[in-house]
Amino acid sequence: MRAVVTGGAGFIGSHLCERLLDTGFDEVICLDNFLTGSPENVAHLTGRKGFKLIQGDIVHGFSLTAKVDAVLHFASPASPADYLRHPIPTLRVGSEGTRHSLELAVTHGARFVLASTSEAYGDPLVHPQTEDYWGNVNPVGPRGCYDEAKRFAEATTMAYHRTLGADTGIVRIFNTFGPRMRAGDGRVVPNLITQALAGEPMTVTGDGSQTRSLCYVDDLVDGVLRMLHTDVPGPVNLGNPHELSMLELAEWIRELTGSSSPITHLPLPQDDPKRRRPDISLAQSKLDWEPRTPVAEGLRWTIAWFAERLRQG
Ligand code: NAD
Ligand code: UDP
């Protein structure tokens, strides 16, 4: 069994590569252009039998003569700070990158899994979000480059599924956190943890009443693998329904780190979604999946990982 993971040197991709090797794949090919990821994320896998790291850009295509059984398209900036810095590469990896990943899968008759996102729902008017909700996205706002790229990626995937009979699955991933997030990637969990550990002010945007639902990465990867091993086309939400406000999150992280950092407020970014929580009934019924890790437990492990990195300098 051979898998190709685009974006495999990123946060989620690196965990996915590892788990594929642990669960019976003989070969895992990690394709990454290191735009927002790093070889360091897969350094622990480079000596391992069957793991191959290839520096390359899926926007320019990728082919293999050896048989491929699974293509998991995870390449894309995912942090708002990253995609606001790289809007055109974000649009291109969602459009051309998705098409090339699908072509690879179709050529080999491989199962294809697209990493889509809760951002497909934009600033949702339906709560919690179910897969049949079409979303509330501002296409010309700053987040449009990411949201619309993923919506286009979903539409492309369904067109390949319907017209070519491609074996595809779409997962809509809700906010996921864990070890190997980049300290400076701008997302709320790495920001608040690194600030709390450094004793610096913890930045909360707006009044902090906006909510997110945070899923620990091991649980998320488990859901992705379940999607891989079915023929469910989706889309299927994957996330932890435990919803909390960003102010609550900051207070939790402060408590768990034992920090006395003050909380400081920054302006709320444009089009920042006010509420987000997945309805995971479909994942429960179709994939027999639900997250197992309590958020506080995941935060403890993530804090320990960041603290260790800080100690190592
Ligand atoms: P990440 O930025 O850590 O990883 C993305 C990886 O893709 C990086 O290694 C980057 O270098 C690589 N990449 C970007 N463009 C590429 C290209 N053109 N060719 C090859 N590689 C490229 O982000 P992440 O949090 O690990 O997210 C992974 C995937 O999951 C993304 O597709 C993202 O949209 C999706 N997702 C993540 C979350 C989350 O909360 N982490 C939520 C929803 C969806
Ligand atoms: N946020 C925050 N402090 C930060 C970074 C982000 O309060 O240092 C807020 C952000 O405005 C949003 C939420 O936390 O309301 C989640 O942001 P993130 O960038 O992690 O992910 P998003 O769900 O917006 O893609």
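Me: Among contacts in the chain between residues at least 6 apart in sequence, what percentage join residues at least 24 apart?
Reply: The model is a predicted one. Its chain has 9 helices and 13 strands. Taking contacts between residues at least 6 apart in sequence, the share that joins residues at least 24 apart is 79%.

Me: What is the radius of gyration of the chain, and why does it count as being as compact as a globular protein of that length?
Reply: The C-alpha trace spans about 55 × 45 × 35 Å along its principal axes. For 313 residues the globule rule gives 20 Å, and the chain's value is close to that, so the chain is as compact as a globular protein of that length; its radius of gyration is 19 Å.

Me: What percentage of the residues of the chain count as buried?
Reply: Buried here requires 20 or more other C-beta atoms within 10 Å of the residue's own. Of the 313 residues in the chain, the part that counts as buried is 49%.

Me: How far apart are the end C-alpha atoms of residues 4-239?
Reply: UniProt, in an unreviewed entry, places the feature "domain: NAD-dependent epimerase/dehydratase" at residues 4-239. Over that range the chain is 36% helix and 19% strand, and the distance between the end C-alpha atoms is 23 Å.

Me: Which element supplies the largest share of the shell around ligand 1?
Reply: Ligand 1 is surrounded by 30 residues, with G7, G10, T36, G37 and A75 the closest. By class the shell divides into 15 nonpolar, 12 polar and 3 charged residues. At least two residues each come from α1 (11-22), β2 (27-32), α3 (87-108) and β5 (111-117). The largest share, 3 residues, comes from α1.

Me: Which element gives the most to the shell around ligand 2?
Reply: There are 14 residues around ligand 2, and R187, V188, N191, T203 and T205 come nearest. Both α5 (188-198) and β8 (202-205) supply at least two residues of this shell. With 3 residues, the element that gives the most is β8.

Me: From which domains does the shell around ligand 2 draw at least three residues each?
Reply: The residues of this shell divide into 5 nonpolar, 6 polar and 3 charged. At least three of the shell residues come from each of domain 1 and domain 2.

Me: Is A250 buried or exposed?
Reply: A250 sits in helix α7 (residues 246-257). Leaving out residues up to four places away in sequence, A250 touches L192, M202, V204, G208 and I263. The C-alpha atom of A250 is 19 Å from that of P80, which is 170 residues away along the chain. A250 has 22 C-beta neighbours inside 10 Å, so A250 counts as buried.

Me: What is omega for the cis peptide bond that joins H127 and P128?
Reply: P128 is placed in the loop between β5 and α4 (144-164). The peptide bond joining H127 and P128 is cis, and omega is about -10 degrees.

Me: What is omega for the cis peptide bond from G234 to P235?
Reply: P235 belongs to the loop between α6 (217-228) and β11 (236-238). The bond from G234 to P235 is cis, with omega near 5 degrees.

Me: What is phi of F34?
Reply: F34 is in the loop between β2 and β3 (51-55). It is partly exposed, with 14 other C-beta atoms within 10 Å. F34 is not a glycine, yet its phi is positive, at about 60 degrees.

Me: What is phi of R180?
Reply: The loop between β7 (176-177) and α5 holds R180. R180 has 21 other C-beta atoms within 10 Å and is therefore buried. Phi of R180 is positive in a residue other than glycine, and lies near 80 degrees.

Conventions. Residues are numbered from 1 along each chain as its sequence is written. Chains are lettered from A and ligands numbered from 1 in the order in which they are written. This is a predicted model: local features need pLDDT of at least 70, side-chain atom pairs count only at pLDDT 80 or more; totals for chains, interfaces and linings use all residues. A residue is near a molecule or strand if its C-beta atom, placed from the backbone, lies within 6 Å of it. Helices (H or I, at least four residues) and strands (E, at least two) are DSSP runs, numbered from the N terminus. Ala, Val, Leu, Ile, Met, Phe, Trp, Tyr, Cys and Pro count as nonpolar, Asp, Glu, Lys and Arg as charged, and the others, Gly among them, as polar. Domain bounds come from an automatic or database domain assignment. The radius of gyration is taken over C-alpha atoms; the globule rule is 2.2 Å times the number of residues to the power 0.38. A residue is buried if 20 or more other C-beta atoms lie within 10 Å of its own, exposed if 12 or fewer, and partly exposed in between; C-beta atoms are placed from the backbone. Two residues are in contact if their C-beta atoms, placed from the backbone, lie within 7 Å. UniProt positions are given in the numbering used here, feature names are shortened, and annotations may be inferred rather than shown by experiment.
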